[in-house]
2 protein chains.
Amino acid sequence: MTKVTAELVRAFTGVGYLAGLPPAERAGLAARSAVRTAARGQTIYAEGEPAAGLFVVLDGRVKLVRRSAQGREQVLHAEGSGATLAEVPVFDGGGYVASAVALEDTRLLFVPREALLDLCRRRPDVALGVIATLAGRVRRFAALIEDLSLRDLTARLAVFLLTEIPPGRDGGGLRMTGDEIAARLGTVREPVSRALSRLRRLGLVERARGLIVVRDRRGLSAIARH
Amino acid sequence: MTKVTAELVRAFTGVGYLAGLPPAERAGLAARSAVRTAARGQTIYAEGEPAAGLFVVLDGRVKLVRRSAQGREQVLHAEGSGATLAEVPVFDGGGYVASAVALEDTRLLFVPREALLDLCRRRPDVALGVIATLAGRVRRFAALIEDLSLRDLTARLAVFLLTEIPPGRDGGGLRMTGDEIAARLGTVREPVSRALSRLRRLGLVERARGLIVVRDRRGLSAIARH
DNA sequence: GCTCCGCTGTGACTTTGGTCATGGTGCCGG
DNA sequence: CCGGCACCATGACCAAAGTCACAGCGGAGC
């Protein structure tokens with residue numbers, strides 16, 4: 001247990017609003033927390049379920065999705081290590097806002113609701129950190145709403161590629177299947193494939209063995225603006 | 001000035017996370033705040049501008065919108081008296097997330113950024129209140145994203161009518177123009193008009209001189225489920 | 001009363017996106 | 001080497017939603 005706890009105490013250093021805690025607080029939090037694993041594809045929690053606490057992604061990746069009755073899926077956001085999930089239900093007492101599904105084998109830390117609430121009451125900077133996290137979520141959701149309602153698919157794809165592929169020159173490009181991209185853009189595989197072909201024909205993007213590479217960032221931005 | 005301040009002190013009692021403050025705190029906050037008015041249709045602030053503080057709606061109504069390059073408009077949410085606006089930029093230091101436009105003649109209270117930050121650092125319950133407000137925003141945005149991406153127009157309209165018209169039996173119905181509804185649903189007037197006709201033909205809804213009245217709530221829910 | 005104006009409803013047409021079906025490619029395991 | 005599998009591309013078709021155009025209605029103001 002002490003060994004596990006020691007690892008957990010370290011784990012917090014990578015997490016936004018928990019990173020700045022004094023070691024004693026981190027140890028206290030770690031003592032009240034538990035590690036959980038999820039295999040790729042596994043549902044960590046489902047939309048609407050009551051939430052008992054906060055999840056911290058230790059490693060792996062998680063997508064947060066809503067599903068329609070017809071089985072179509074919209075990804076609200078995807079998070080990697082260091083991210084925290086489910087602060088909304090933790091603080092407002094409602095159910096989970098979306099379902100969390102592991103994109104890869106993932107390890108998570110579960111921090112019980114009360115532990116986090118105590119901490120926020122004791123330390124205003126933690127509460128301010130939670131606020132900053134939620135503010136970021138609101139911003140990204142607003143951008144997604146604008147995309148869905150005001151941009152056509154090609155523009156949406158351009159925005160997606162620009163934000164998803166780091167502007168670092170050349171860079172690696174993006175390794176995602178058509179279905180995955182479609183779920184992010186709120187559509188299905190085929191239209192995405194067509195939109196990608198369009199961008200490819202315009203010379204803005206290239207496809208090299210399952211990897212999407214951006215060729216012309218400015219060109220993509222132009223398309224994104226409409 | 002003392003008279004104005006006295007009114008402001010009272011004004012805070014209707015505002016979520018400022019209502020619980022002791023009178024001394026409210027007076028201090030009021031002293032640092034200013035009243036501002038906006039005529040119907042006037043823009044209170046525009047998306048992207050740097051934000052100097054929080055707005056509290058004293059009376060009137062405000063819509064928060066994003067606009068496309070082609071002039072189409074998507075309403076993210078609309079708020080009436082007692083609501084607070086712009087906590088996102090206040091706490092993360094970025095620009096406004098959306099433009100705020102008065103739907104009626106409106107009076108607002110402007111609370112400078114620093115005043116609110118001080119308060120949160122001094123009083124954890126205020127910070128928790130801000131968190132609750134943002135959590136609500138995240139929830140409603142998630143619902144909007146699901147609507148836009150997973151529901152067709154008729155279903156979206158059904159959801160909108162159900163949430164916008166209080167379930168109180170009979171009730172008043174809704175007084176909004178087709179354009180206004182369209183902006184809330186992320187589309188334009190004509191499809192809304194057609195969707196309304198469809199609901200009318202199904203006997204779920206009725207139109208009486210500019211007023212939309214719900215006839216069959218269960219029927220609407222069925223359509224909303226799509 | 002009449003006219004102007006803002007709003008509504010609807011038809012005809014176009015565009016976009018979703019569905020279905022088919023064939024191709026690259027990779028893994030037998 | 002071959003078969004299966006996952007993924008991709010594309011054509012044909014269909015449905016939903018956006019655009020354009022027009023007519024009708026009701027209230028405000030002269």
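**Figure 1. Protein surface near DNA strand C.** The surface near DNA strand C has nine charged, five polar and four nonpolar residues; near means that a heavy atom of the residue lies within 4 Å of the strand. Ala, Val, Leu, Ile, Met, Phe, Trp, Tyr, Cys and Pro are counted as nonpolar, Asp, Glu, Lys and Arg as charged, and the others, including Gly, as polar. This is a predicted model, in which local features need pLDDT of at least 70 and side-chain atom pairs pLDDT 80 or more, while totals for chains, interfaces and linings use all residues. Residues are numbered from 1 along each chain as its sequence is written, chains are lettered from A and ligands numbered from 1 in the order in which they are written, and side-chain values use heavy atoms, without hydrogens and water.

**Figure 2. Residues that come nearest to DNA strand C.** Among the 18 residues around DNA strand C, those that come nearest are Leu153(A), Thr187(A) and Arg194(A) from chain A, and Gly178(B) and Ser197(B) from chain B. Of the atoms of DNA strand C within 4 Å of the protein, 51% belong to sugar and phosphate.

**Figure 3. Polar atoms beside DNA strand C.** A backbone N or O atom of Leu153(A) is 2.7 Å from a phosphate oxygen of DNA strand C. For Gly178(B), a backbone N or O atom is 2.8 Å from a phosphate oxygen of DNA strand C. Arg189(B) instead places a polar side-chain atom 3.0 Å from a base oxygen of DNA strand C. H8 of chain A and H8 of chain B are the elements that give two or more residues to the surface near DNA strand C. H8(B) gives the most, with six residues. Helices (H or I, at least four residues) and strands (E, at least two) are DSSP runs, numbered from the N terminus.

**Figure 4. Protein surface near DNA strand D.** Gly178(A), Ser197(A), Leu153(B), Thr187(B) and Arg194(B) come nearest of the 18 residues around DNA strand D. Sugar or phosphate accounts for 54% of the atoms of DNA strand D within 4 Å of the protein, and bases for the rest. Helix H8 (189–201) of chain A and helix H8 (189–201) of chain B each supply at least two residues of this surface. The largest share, six residues, comes from H8(A). By class, the surface near DNA strand D has nine charged, five polar and four nonpolar residues.

**Figure 5. Polar atoms beside DNA strand D.** A polar backbone atom of Gly178(A) is 2.9 Å from a phosphate oxygen of DNA strand D. Ser193(A) has a polar side-chain atom 3.2 Å from a phosphate oxygen of DNA strand D. A base oxygen of DNA strand D lies 2.7 Å from a polar side-chain atom of Arg194(B).

Figure 6. Arg66(A) sits in strand E4 (residues 62–67) of chain A. With a relative accessible area of 11%, Arg66(A) is buried (under 20% relative accessible area; exposed is over 50% and partly exposed in between, with a 1.4 Å probe and protein chains only). The side chains of Arg66(A) and Glu146(B) make a polar contact at 2.5 Å. A polar contact is a pair of N or O atoms within 3.5 Å; within protein, one must be able to donate a hydrogen and the other to accept it, and residues adjacent in sequence count only if both atoms are side-chain atoms. Leaving out residues up to four places away in sequence, Arg66(A) touches residues of chain A including Glu47(A), Arg72(A) and Val97(A), and residues of chain B including Arg139(B), Glu146(B) and Leu150(B). Contact means heavy atoms within 4.5 Å.

**Figure 7. Gly80(B) in its loop.** Gly80(B) belongs to the loop between strand E5 (73–79) and strand E6 (84–85) of chain B. Gly80(B) counts as buried, at 18% relative accessibility. Not counting residues up to four places away in sequence, Gly80(B) touches Val57(B), Gly60(B) and Arg61(B).

Figure 8. Chain A has nine helices and ten strands, and its C-alpha trace spans about 55 × 40 × 30 Å along the principal axes. Of the 226 residues in chain A, 52% are buried. The same surface serves both copies, as 100% of the contact residues of chain B recur in chain A.
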